[in-house]
Amino acid sequence: MEIGVLRRDGRTDPFFDGTAAGRLVVRRCEACDRWFAPDASGCPGCGEEDLGWAEASGAATLVTWTILPKEPPAFLALVELAEGPWLHARLDGVERADLREGLALRAAFEHPDEGESYVLFRPWTERGSVR
């Protein structure tokens with residue numbers, strides 16, 4: 001599925017530096033050890049306004065999804081990272097029959113010729129990627 005050309009906006013540079021290097025980097029509050037999505041601007045727990053950046057494990061579970069009626073179908077999802085934050089992302093390597101709440105996923109990275117690298121998620125088992 002073509003998602004268009006992604007460009008940095010200055011607020012998420014560490015996130016895109018991470019995706020370019022094949023790492024998932026999200027926001028983290030050092031004061032209370034909470035993790036947040038890359039676009040978070042502050043910690044609602046302790047009020048910290050200067051969130052740091054930290055590398056997440058890349059492990060996630062499927063929360064919900066939608067299938068765009070295209071050929072081939074496009075799978076868009078809301079995933080929960082092992083560290084807690086939820087991210088909107090594309091799924092790759094899945095079939096309609098695979099989809100279920102709680103499906104184990106792992107981050108993977110796309111590096112298009114133009115624009116920023118981005119994260120997507122693939123099904124995962126203890127033995128590795130399903131597809």
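I sorted the lining of the largest pocket by class and got 13 nonpolar, 1 polar and 2 charged residues. The model I am working from is predicted.

Entry 1, the pocket. I looked up the volume of the largest pocket, and the value is about 410 Å³. I then asked which of the 16 lining residues are closest to the centre of this pocket. I noted F15, P38, L87, H88 and V119. Next I checked which elements supply the lining: α1, β6 (86-91) and β8 each give at least two residues. The largest share is that of β6, with 5 residues.

I went to α1, residues 13-20, and asked which of its residues are buried. I listed F15, F16, G18 and T19. These residues span an arc of only 155° around the axis, so they lie on the same side of α1. For background I wrote down that an α-helix has 3.6 residues a turn, so residues three or four places apart point the same way. I then looked for what the buried residues of α1 pack against, and found β1 (25-29), β3 (52-55), β7 (104-110) and β8 (118-125). Just after the helix I checked the backbone at G22, where phi is positive at about 75°.

I looked up how β7 pairs with β8: the two run antiparallel and are joined by 6 bridges. In this pairing I find F109 bridged to V119 of β8. I then turned to β4 (residues 59-68), which is joined to β7 by 3 bridges and runs antiparallel to it. Here A60 has L105 of β7 as its bridge partner.

I followed β4 into β5 and found a hairpin that joins them through 5 residues. I asked how many bridges join β4 to β5. I found 8, and the strands run antiparallel. One of the pairs I looked up is T66 with L76 of β5. Going on from β5, I found a second hairpin, with 4 residues between β5 and β6. G84, in the turn of that hairpin, has a positive phi of about 120°. β5 and β6 pair in the antiparallel sense over 6 bridges.

I checked the strand as a whole: β5 is mostly covered, with 6 of its 8 residues buried. I then listed what L78 touches, not counting residues up to four places away in sequence. The list holds T61, L62, V63, T64, W86, L87 and H88. Last, I looked up the C-alpha to C-alpha distance from L78 to D92, which is 13 Å for a separation of 14 residues in sequence.

Notes: Residues numbered from 1 in each chain as written. Predicted model: local features only at pLDDT ≥ 70, side-chain atom pairs only at ≥ 80, totals over all residues. Heavy atoms only, no water. Buried < 20%, exposed > 50% of the residue type's maximum accessible area, 1.4 Å probe, protein only. Arc of directions from axis to C-beta. Contact = heavy atoms within 4.5 Å. 1 Å grid on protein atoms, 1.4 Å probe; cavity = no way out; pocket = protein on both sides within 12 Å on 5 of 7 lines; lining within 4 Å. Points joined across faces, edges and corners; volume = space filled by probe spheres on them. Nonpolar A, V, L, I, M, F, W, Y, C, P; charged D, E, K, R; others polar. Pairing = 2+ DSSP bridges.
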